[in-house]
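Hi everyone, thanks for coming. Let me walk you through a few places in a structure that may be new to you. Please have a look at it first.

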Amino acid sequence: MNSPSAALTIGGVTKRFGGLVAVNNISFTLPANKVLGLIGPNGSGKTTMINLISGALKPSAGAIHLHGDSISDRSASEIATLGLSRTFQIVRMLPGLTVLENVQAGGVFGHRRMWGTELREHSRALLQKVGLQGVDDTVVSALTYIDQKRVELARALVADPKVLLLDEWLAGLNPTELKTGIALIEQLRTEGRTIMIVEHVMDAIRSLCDTCVVMNSGAKIAEGTPREVLSDAEVIRAYLGDIDA
Amino acid sequence: MSNADTHGDTKPTAFAQAMLDLRESAVLSGTEKRNLAICAIVAALWALLPLFSTGYILSLGISITIFAGLATSWTLFSGPTNYISLATAAFFGIGMYTVAGGVNLLPYPVLILIAAVAGALFAALIGLATLRISGVYFVIFSLGLAELVRQVVSWGQHVMGTSSGLYVLVDRSDSVFFWQLLVFTLVVFLVSWWIGRSRLGFALRIIGNDEVVAVHCGINTARAKVTLFIISSTFAAIAGALVAPRWSYVEPTLAFSPFLSFQVVIMSLLGGVHRLWGPLVGVIPFTIMWEFISAKFPSQTTLLLGVAFLLIVYFIPHGFVGLIEDFSRRRSGIWAALRSKWQAKGGGHE
Ligand SMILES: Nc1ncnc2c1ncn2[C@@H]1O[C@H](COP(=O)(O)OP(=O)(O)OP(=O)(O)O)[C@@H](O)[C@H]1O
Ligand SMILES: [Mg+2]
């Protein structure tokens, strides 16, 4: 079932909140070194799916495997140490810490554990990589929203994750920033990182993703290459229906 | 990278990791060396106190020393996590009763050790059971805890048919007593400093900022919190064991007094809980003021403690340290600060 190249395997995962089925019997596979796009109208269950994978929520049913290890019954901190990192749809900063410390936070007890000089140097390098220079010792509240998103990405990368989950990391960027943002993810992709992105920005989906999974009202309605799914009748109906509603 | 063997899929053993951490943390920065030197000088000067003064001043010095230790160890846990613990008295009392109960059976140093172990075990038990509850529930629980232990001890004494208290007769001069406490407080300081610059200390700060982020960074939050709670509580138990001989007569109402817990919290908040030296800055003026108040208005102490608490929380929420740091920042850039304040005010009206 778990082919050796599968980084992440989602098998029949369901999540209920009381009567609401936010994620309904979803299955898909994220192959290693690939980028998978998880798309769908608002409220279709994408963030819930990310929460289930990262361990922030426990599935009501189904199994999730990370490189063959079952993670659906593990705590979020264990899952992180096994090599899964994520960002949040609404940025979560550590307001009492400096920019550099915010990044370092990901590497103290993460998948790759570092401390001292090694952690500091590695975190600095990642801040550079995401395009933030000369703000190491600034308080994070002084940063713009976009820069905070960069910090969060650096924090997710510092522990050298096997799988990276990005929840609408490109949302809220202006066209110029969007270009930079897409280029940055493109760079991660060419490095061979395994990424799952949740996005509403279709340009990003088209240019970045190897495969796409489309959700609507908790269920998977399509899967395939971006070109395939974006021309799928049901997908179009889901999106247009969403706009009509 | 120098220690590439620690990366990737092969995790180092806990021991190897601890050794690496130790090697890394043994390297002191210039500022750290300077701070340690200052700390050593202050402690050495303070240690001279019994040579110059006895009686009232020395007893004031004893109070300051013990409260400095208690407040610093309280802050060790409560500062970074924002869990306000009112359980200091529970552990203090456990330490005290360990000594009181065993003073005729075992040598005093052994009793101190037993007190530490008892405090640690009890803290582990309480920590595992309660650190999942947060915010105000934890505060209430910790307050109830001291009361519960007190009731149990009273009941135990009643059942065993002993009188309401116990005598602790250990021969100690005031000076020796003072030096013992000073060593204790220094140990608390060094341990707090060491933890503050360790992985564990950093993890605690992350937890205090955002627990959701902390778990997604791979931090086992329950373990980190329980560890710190145990260390902090063990110190409180040791403090109780050290103070016991001075009180000579130990009874539950005194040993488990909620008053002590409140005093420790107030002093720490007054000083500031985000710096190692913060609590100390609160302890000194508070203890001196307190001596004065309890001498002048012995029957209004509880009321005044409450008032002090309100004033501190209302007027100096970040403690003296906050004020001091604000001041030094302003002195270095008074105009910049004024201008930004002005702009902030102006912005608020628009
Ligand atoms: N913790 C929760 N408790 C109850 N209901 C929840 C919870 N989290 C999400 N939901 C519900 O589950 C459904 C899916 O929400 P989710 O946030 O996963 O959608 P999404 O696809 O990420 O949407 P968006 O594109 O707006 O971010 C929504 O109806 C939401 O209200
Ligand atoms: Mg979402």
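Before we start, one term: two strands pair if DSSP finds at least two bridges between them. Helices (H or I, at least four residues) and strands (E, at least two) are DSSP runs, numbered from the N terminus. This is a predicted model, where local features need pLDDT of at least 70, side-chain atom pairs count only at pLDDT 80 or more, and totals for chains, interfaces and linings use all residues. Residues are numbered from 1 along each chain as its sequence is written, chains are lettered from A and ligands numbered from 1 in the order in which they are written, and side-chain values use heavy atoms, with hydrogens and water left out.

Let's begin with strand β7 of chain A, residues 163-167. On one side, β7(A) pairs with strand β8 (residues 194-198) of chain A in parallel, over five bridges; there, A:Val163 stands opposite A:Thr194. Strand β6 (residues 84-86) of chain A also runs parallel to β7(A), with three bridges, and A:Ser85 has A:Leu164 as its bridge partner.

So, how many of the residues of β7(A) are buried? Buried means under 20% relative accessible area, exposed over 50%, and partly exposed in between (1.4 Å probe, protein chains only). Five of the five are buried, so β7(A) is largely enclosed by the rest of the structure. In a regular strand the side chains alternate between the two faces of the sheet. Here A:Val163, A:Leu165 and A:Asp167 are on one side, with A:Leu164 and A:Leu166 on the other, and both faces are covered.

Also in chain A, there is an open sheet of four strands, ordered β2-β1-β4-β5 with antiparallel pairing. β2 (20-31) and β5 (69-70) are at its edges, each with a single partner strand, so one side of each has no neighbour in the sheet. Two bridges link β4 (residues 61-66) to β5(A), and A:His65 has A:Ser70 as a bridge partner.

Finally, chain B. B:His216 lies in helix α10 (residues 211-216), and with a relative accessible area of 12% this residue is buried. Its side chain makes a polar contact with the side chain of A:Ser54, at 2.9 Å. A polar contact is a pair of N or O atoms within 3.5 Å; within protein, one must be able to donate a hydrogen and the other to accept it, and residues adjacent in sequence count only if both atoms are side-chain atoms. The B:His216 side chain also reaches the backbone oxygen of B:Val212 at 3.0 Å.
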